Amino acid sequence: LNDADLSAFTMSSNVLAAATKSDAATITNYMGTMYGIFKNQANDMGKSDWVEQVTGMTATAVQAFKTTGSEMSAAFTSIGAEGTSAGIAMNEQMAILGTLQATMSGSESGTKYAAFLAGVGKAQDALNLTLTDSQGAMLPMVDILNQIKGKFGETIDVAEGDQLAKAFGSKNAAATVKLLLTDINGLNQSIDSLGQVTGM
């Protein structure tokens, strides 16, 4: 980081720590994790602009999902670069992790989402659904959920849950689907509203 970027990171981290009832050390660590995951985007945007967007987006998510900066940090530490490797934008990842945190810890939300991502390719064949585009990239989560809803309906019973777990290769992945299926529109709105955050 050059001097200007360093001051932007320091300022943003302290603002975010205050805004999310967290401490500066945790948020500084979070910013390092996020930069590691979204480095290409940060370099394309300019690090100072990027860190302000991360600050605004995280603060919005923490408020919307009634979580904390520390829990959001744990979520992204847990999932690492899995989502970004699959071509998923930061706002979608944050909305999914935030939604999951309504019923679980940050680190658990990251673990469950990572299990889902790991199982998409396998589930596509097992469920006979198209969950990737013509280039093989994963479809947006809302599209995937709507396809699963079309096959199984609004709610997943025990047998269907077992079928999903088998298709995705884990109970964690099936749990992610079951939780997110309960409010697809709400998830879609969260993804959109986070996507509109451009600064601090």
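User: Which residues of helix 2 meet helix 4?

Analyst: In this predicted model, Tyr30, Met31, Met34 and Tyr35 of helix 2 meet Lys47, Trp50, Val51, Val54, Thr55 and Thr58 of helix 4. By class, the contact has 7 nonpolar, 2 polar and 1 charged residues.

User: How are the two helices placed at that contact?

Analyst: Helix 2 (residues 24–37) packs on helix 4 (residues 47–65) at an angle of about 115°, and their axes are 11 Å apart. The crossing of helix 2 past helix 4 is right-handed.

User: Why is glutamine 93 called buried?

Analyst: Buried means under 20% relative accessible area. Glutamine 93 has 0%, so the label buried applies. Glutamine 93 is part of helix 7 (residues 90–100). Leaving out residues up to four places away in sequence, glutamine 93 touches Phe38, Phe76, Gly83, Thr84, Ile88 and Tyr113.

User: What makes the pair of glutamine 93 and threonine 84 a polar contact?

Analyst: A polar contact needs a pair of N or O atoms within 3.5 Å, one able to donate a hydrogen and the other to accept it. The side chains of glutamine 93 and threonine 84 are joined at 3.2 Å, and the pair is listed as a polar contact.

User: Which residues have the most contacts inside the largest nonpolar core?

Analyst: That core has 63 residues, and Trp50, Phe76, Met94, Tyr113, Phe116 and Phe168 have the most contacts inside it. Helix 8 (residues 106–127) gives the most to this core, with 8 residues. Phenylalanine 116 touches, among others, Met138, Met141, Ile144 and Phe168.

Technical notes. Residues numbered from 1 in each chain as written. Predicted model: local features only at pLDDT ≥ 70, side-chain atom pairs only at ≥ 80, totals over all residues. Heavy atoms only, no water. Axes fitted to C-alpha atoms, helices over the stretch in contact; angles between N-to-C directions. Helix = DSSP H or I, 4+ residues; strand = E, 2+ residues; numbered from the N terminus. Left-handed = near helix turned anticlockwise from the far one by under 90°. Contact = heavy atoms within 4.5 Å. Nonpolar A, V, L, I, M, F, W, Y, C, P; charged D, E, K, R; others polar. Core = buried A, V, L, I, M, F, W, Y, C linked by side-chain atoms within 4.5 Å. Buried < 20%, exposed > 50% of the residue type's maximum accessible area, 1.4 Å probe, protein only.
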